[in-house]
Amino acid sequence: MPGLLDRRLIFVTGKGGVGKSTIAMALGLHAARAGRRTIVAELARQDGVRRTFARSGETFEEVEVADGLSTISIDPESAMEEYLRVKTGALGQALGSSRLFQAFAMATPGMRELLSVGKVYELAQFTRHTGGADPYDLVIVDSPAAGHGIGILRTPRTFAEIARVGPIAGTAQRIAATVADPEFTAVVAVCIAEEMPVNETLWLRDQLQADGLALGAVFVNALLPGRFTGEEIGSLRGARGRDGTLADAALAAALSEHARAAAQHEELARLRDGLGAGVAGFELPYLFADTLLEPELRALADALGGLA
Amino acid sequence: MTSGGIGELLAGARVCVCGGSGGVGKTTTAAAIALGMAAEGARVAVVTIDPARRLANALGLDELENEPRRVDPDRLGEGTRGELWAMMLDPKRTFDELIERLAPSAERAEEIKRNRIYRELSSAVSGSQEFTAVAKLHELAREGDFDLLVLDTPPSRNALDFLEAPGRLTSFLEGSALRTLIRPTGIGMRVLGRGASPLLGALRRVTGLDLLGDLSTFFALLGDMTEDFSTRAADVERLLHAPTTEFLLVTAASGPAIEEAIWFRRTLDQTGLQFGGAIVNRVHPDRLAGRAQTGETAQTGETAQTGETARAGDALAQLLPADLAYRVASALTDDQVLARRDGRNLARLTAELGGADGPPIIRVPQLDGDVHDVAGLERVRAFLFASESEREQMIAELAG
């Protein structure tokens with residue numbers, strides 16, 4: 001089995017609010033620094049829902065954001081337009097510009113997901129279909145939250161099974177085979193050490209198994225530092241004066257952090273138990289930072305140093 | 001900003017929708033609101049989507065039921081005067097029940113439920129949770145005998161999904177995009193529009209699916225029910241726009257969550273929906289609040305606070321071994337980074353929402369662990385229902 005970053009395609013999934021996009025970007029930075037031409041693909045508009053807030057450059061375009069690292073935001077409409085243009089020539093172009101056709105295609109259950117994952121597949125090809133585009137060594141997909149994320153992975157196979165003939169059926173079969181190829185593709189989960197995210201990670205592992213896929217790795221994000229031993233906590237409690245002094249405020253901060261770290265510790269143990277030895281786990285520190293911008297992403301990428 | 005808490009905000013409300021992106025504590029907040037309103041004497045039902053197992057157990061929720069069930073009063077506080085009802089939404093089942101209710105016969109309902117397009121729609125397809133959550137809300141508002149319905153919304157990428165997804169699914173069920181292509185003729189359907197035929201043929205060639213066939217069957221089965229979907233959609237719109245319906249935004253204090261909250265508010269305004277206020281969870285209280293100004297030097301902001309944590313370290317060194325004192329001081333320094341971040345984000349949110357004249361912003365501090373029982377909900381409830389000044393006091397106590 002190749003190392004995680006030796007695959008060409010990594011789907012990063014996980015519950016909302018666990019830092020999935022952050023980890024996807026940190027992984028991307030890490031891979032780019034290791035010399036691999038990498039792109040992070042965001043399936044932001046998986047539902048055709050408007051983006052949370054418009055950020056410039058987030059279009060259906062590959063934009064280089066750091067040395068060797070690009071990003072793209074994939075929406076089904078643009079993916080369809082491109083697919084039809086590349087695959088079906090003039091007829092496709094005519095279809096793509098037909099509003100009726102668009103409405104019909106987009107109303108087809110599963111079509112939006114298939115188009116998005118189809119674009120991901122295209123990015124991961126050794127020879128790109130889109131005119132003159134350079135191939136990537138690694139495509140990292142910032143997938144939708146776990147439930148929808150599974151949908152994205154399943155759609156190609158579902159389509160391949162129900163579609164009878166035609167270019168999409170063929171493409172769907174090829175995509176399904178690619179997703180199922182452990183040499184080529186890995187699915188990883190991002191998690192935080194809290195009850196629901198841990199449950200969802202274990203659920204994801206089971207769902208993937210049922211589909212004949214394996215969970216490649218779990219990234220446990222935002223782990224608080226274990227600064228104190230149990231004995232020290234005893235001394236800190238004893239030292240509290242509740243007298244409004246600076247020292248007391250510091251003790252309160254330390255005890256509160258410790259309580260949260262202990263709760264995390266329990267959930268982390270439950271996660272490890274549930275996953276068993278078969279799934280690699282990576283632990284990432286809580287970042288005490290104002291914002292998550294490039295320096296913080298680089299710090300996380302550093303923390304991924306042990307990753308092959 | 002009003003001085004009261006959630007109780008004042010929801011006075012007279014019949015429906016309270018808790019929106020927000022995933023992972024911000026929506027389910028817990030919705031349950032705590034329902035608990036609090038029940039404590040004040042109302043008959044309240046909370047509709048949750050995918051609650052944490054332990055919290056569901058604590059409320060006595062059974063996922064096999066798709067109806068509100070009364071939470072055993074013995075589990076609640078002594079002073080609870082009203083009733084708390086809770087349910088866990090089962091999207092597939094809610095969809096099936098809707099079809100059973102609208103179908104002209106049981107046979108037709110069964111046929112629809114077996115249809116491939118329907119099966120896709122009602123389960124795998126994104127949006128079915130949102131659609132069924134709204135359907136359930138509508139059903140309970142019409143038929144349930146509750147003073148207040150509190151709706152937790154599905155864990156979506158962003159808060160607007162909840163508002164848009166039901167509409168998308170409804171318009172599919174109404175077939176508005178498709179009716180232009182297909183028209184019912186008696187039992188079956190056939191393509192009438194001459195212009196449409198080549199399109200559909202091309203679609204079949206490209207997708208390899210006999211979509212026309214599948215969709216024709218589906219819409220033939222739905223028949224007149226499509227009109228019921230339209231009627232219901234209009235009812236739901238009215239319910240969501242009613243003056244007795246409040247949208248509360250649940251968010252966390254981190255930067256992206258606050259940006260989304262601001263954007264959500266703007267969007268609600270544009271759609272004419274009533275923005276009741278924001279609940280900001282997991283706020284890190286400033287343990288050194290008010291100190292920066294009282295320092296001997298004229299330092300301000302970050303420098304002053306760095307100075308404060310250094311002085312805290314010195315003071316701790318009198319009480320603890322040097323190495324331990326240093327680590328305790330580091331914990332304060334890190335804690336202060338988050339407290340200052342949250343303070344800035346809250347100030348930005350307050351300004352965006354209209355400052356003192358805007359809707360209320362209710363802060364719930366970072367608690368020391370997951371909320372997974374009634375006692376935990378009770379803690380959250382206390383913050384939500386306190387007046388602004390009481391809350392200030394409670395947060396200061398928690399921080400100190």
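Strand β4 (residues 69-73) of chain A is mostly covered, with five of its five residues buried; a residue counts as buried if 20 or more other C-beta atoms, placed from the backbone, lie within 10 Å of its own, and strands are DSSP runs of E with at least two residues, numbered from the N terminus. This is a predicted model, in which local features need pLDDT of at least 70 and side-chain atom pairs count only at pLDDT 80 or more, while totals for chains, interfaces and linings use all residues. Residues are numbered from 1 along each chain as its sequence is written, and chains are lettered from A and ligands numbered from 1 in the order in which they are written.

In a regular strand the side chains alternate between the two faces of the sheet. In β4(A), A:Leu69, A:Thr71 and A:Ser73 point one way, whereas A:Ser70 and A:Ile72 point the other way, and all are buried.

The table lists pairings around this strand; two strands pair if DSSP finds at least two bridges between them.

| Strands (chain A) | Bridges | Direction |
|---|---|---|
| β2 (residues 38-42) and β4 | five | parallel |
| β3 (residues 63-66) and β4 | three | antiparallel |
| β2 and β5 (residues 138-142) | five | parallel |

Single residues can be followed across these pairings. A:Glu42 has A:Ser73 in β4(A) as its bridge partner, A:Ala66 stands opposite A:Leu69 in β4(A), and A:Val40 stands opposite A:Ile140 in β5(A). The hairpin of β3(A) and β4(A) has two residues between the strands, and A:Gly68 takes a positive phi near 75 degrees there.

In chain A, eight strands form an open sheet with mixed pairing, in the order β3-β4-β2-β5-β1-β6-β7-β8. Because β3 and β8 (280-285) of chain A stand at the edges, each with a single partner strand, one side of each is left without a neighbour in the sheet. Neighbouring strands of this sheet are turned by 25 degrees against each other on average, direction ignored, where axes are lines fitted to C-alpha atoms, for helices over the stretch in contact, and angles run from 0 to 180 degrees between N-to-C directions.

Helix α7 (residues 195-210) of chain A packs on the sheet, where it touches β1 (9-13), β6 (185-192) and β7 (215-223) of chain A, and its direction makes about 160 degrees with that of β6(A); residues are in contact if their C-beta atoms, placed from the backbone, lie within 7 Å, and helices are DSSP runs of H or I with at least four residues.

Chain A as a whole has 10 helices and eight strands, and buried residues make up 49% of its 308 residues.

Note on methods
Buried ≥ 20, exposed ≤ 12 C-beta atoms within 10 Å, placed from the backbone. Contact = placed C-beta atoms within 7 Å.
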